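Q: Could you walk me through reading this structure, starting with how the chains meet?

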Amino acid sequence: MGHTIVEKIFKNHLIHPGDDVKPGNIVWIKLDVRSARDFGGANVVKNIKKYYPGQNVADPSKTYFTFDCQAPANTIPYANNQQSCRLFAKEHGIRVFDVNAGIGSHVLIESGIALPGTTIVGTDSHLNIMGAVGAFGQGMGDMDIAYAMRHGATWFEIPPSVRINVKGVLKFPATAKDLTLFILKKFGSAGLLGSSVEFYGEAIDALEMHERITLSSMATEMGAIVAIIPADKKTAEYFRAISAEAKFETIKADSDAKYAEEHTIDISDLVPQVACPPSPENVSDASELKNIKVNSVFIGSCTNGRYEDMEMAARAVAGKKVRPEIMAKIVPATHEVFQKMIETGIIKTLFEAGFIISNQGCGGCASGQIGMTGKNEVQISTSNRNFDGKQGDGKTYLASPLVAAMSAVNGYISFE
Amino acid sequence: MKERVLSGKVWILRDPDGNIYNNIDTDQIYHNNYLAITDIAQMGQYALGNLKGYEQFHKFVKKGDIIITGKNFGAGSSRQQAVDCFAALGVSLIICESIGAIYKRNAINSGFPIMTCPEIVKLAGEPGLKLKDGDVIRVDIESGAIKKNGEVSEIARGEAFSGVQKDIYDAGNIFSYVPPSN
């Protein structure tokens with residue numbers, strides 16, 4: 001019988017090669033990349049020291065620390081946590097992507113470390129973003145990661161696979177974020193719970209890498225284990241451009257693979273979408289929310305922090321001004337993104353429009369490093385979560401960089 | 001081998017309208033303000049601290065109590081603290097309709113008992129039904145059988161612990177667990 005993509009990736013990584021990768025079975029899997037952020041990292045170190053005293057990690061060359069939550073640390077506990085990771089990393093020969101690198105998951109992709117077909121774990125709950133490159137990613141808690149770093153393997157329950165066929169193509173002003181929010185609207189926060197989703201169709205084939213990242217990054221909010229965009233020519237070209245020698249496999253599902261569910265959605269008429277507080281599944285057409293005044297705008301995050309996202313925002317605000325009462329913030333995902341913004345000059349466009357531009361990292365999401373909202377304030381954010389209290393005391397609406405940028409200029413939720 | 005039947009007083013997590021909460025996320029369980037804390041003993045005071053109606057949960061919960069909640073419990077971030085804060089308070093078990101993917105791993109790997117049971121949520125779904133706050137239940141992790149204290153018949157059957165879940169629970173946590181070598 002044929003296998004789905006997640007089953008084939010697991011099959012290639014079995015500790016006991018004879019194991020059956022049938023959904024529901026528990027198997028032991030080799031991990032190609034094990035990582036921890038500044039968030040969770042200190043506890044990973046604490047666990048390794050406590051439970052494996054005097055022992056090293058399984059393979060330092062496959063182990064990484066990535067600091068992105070509070071970069072640089074602006075509280076003493078975070079500073080201490082980062083330092084404990086640095087010291088541990090130095091002692092054990094582990095590479096650290098420090099506070100100047102950017103969002104860990106993005107850095108792992110950009111560096112060609114997170115390759116198609118591989119298994120990648122880390123303390124970031126959005127590590128399933130790796131589905132964008134046809135890899136398996138799993139966010140984990142600090143005990144899980146400590147075990148993974150020490151042993152280089154762990155247990156997994158094979159998830160059921162769900163196939164989603166997307167009909168039609170995205171047409172401006174609809175973006176990959178609107179497609180993502182539309183899927184959340186359709187399936188809700190628990191509709192794909194515990195499953196490995198595979199996306200197919202013309203619209204998916206057409207997605208560029210930054211758009212695939214947007215879609216896969218919100219697998220977490222869909223409740224899915226991972227949302228996989230099957231690796232294709234574009235994926236291969238992306239990694240060949242990073243390193244001509246890179247070795248990887250672009251894994252396709254078998255034609256007789258078995259899916260627990262199959263759905264088809266049509267996005268031919270998709271218009272800009274907005275997820276209203278307090279849940280990412282609470283999605284409406286942006287055009288229905290014109291009466292909502294905005295106090296704060298955040299463009300960035302692992303969902304929409306790529307160069308192309310910044311470019312979309314810059315194009316929208318070029319020659320215009322952010323309204324004076326609005327706190328509008330830009331956080332590039334990585335050093336590479338920031339660098340390109342400088343080279344192409346879009347940073348000037350955004351700055352002159354009135355945006356506050358912060359250093360690369362998670363910025364708005366994890367600890368409100370680039371500002372939070374006060375009571376009754378409304379924030380429009382390109383990030384992935386709008387739970388109460390997540391980004392301040394106010395209300396957060398999730399949208400594309402286009403909607404966020406136009407709302408900053410108009411003062412209310414809008415896309416033109 | 002650890003206890004196979006867990007017994008305790010139930011807390012049914014309800015929103016202000018009286019409906020069982022679904023999609024309780026890790027920021028509601030353990031807010032990101034306290035992420036830098038690494039000492040488990042300090043975590044209990046923040047358990048459910050950002051969930052409307054349960055801000056003072058740590059003051060009322062007793063050792064051994066059981067939490068009942070709805071769909072997708074523990075959605076959101078990967079923070080282990082969202083499990084550890086309940087362990088710190090001595091909560092003996094969480095029963096929910098379904099569990100967030102990462103939360104499930106975190107609970108299992110730290111040896112913290114968690115069980116899915118859509119049925120019990122139906123029983124507890126509306127006030128005045130078979131199960132209410134403060135009732136004492138007995139839960140067999142091996143069979144999934146759930147009974148009210150002193151009664152013989154099951155009121156619901158949850159999903160029995162998987163092999164790896166039971167083994168890690170017995171070992172205490174994943175670090176003390178020796179995987180079968182096949």
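A: Happy to. Residues count as in contact if their C-beta atoms, placed from the backbone, lie within 7 Å. Here the contact takes 37 residues from chain A and 35 residues from chain B. This is a predicted model, in which local features need pLDDT of at least 70, side-chain atom pairs count only at pLDDT 80 or more, and totals for chains, interfaces and linings use all residues. Residues are numbered from 1 along each chain as its sequence is written, while chains are lettered from A and ligands numbered from 1 in the order in which they are written.

Q: Which element supplies the largest share of the side of chain A that touches chain B?

A: Helices (H or I, at least four residues) and strands (E, at least two) are DSSP runs, numbered from the N terminus. α2(A) gives the largest share, six residues. β1 (26-30), α2 (38-51), α3 (76-92) and α5 of chain A each supply at least two.

Q: Where do β2 and β5 of chain A meet?

A: Two bridges join β2 (residues 33-37) of chain A to β5 (residues 119-122) of chain A. V33(A) stands opposite I120(A) in β5(A).

How values were computed
Two strands pair if DSSP finds at least two bridges between them. Two residues are in contact if their C-beta atoms, placed from the backbone, lie within 7 Å.
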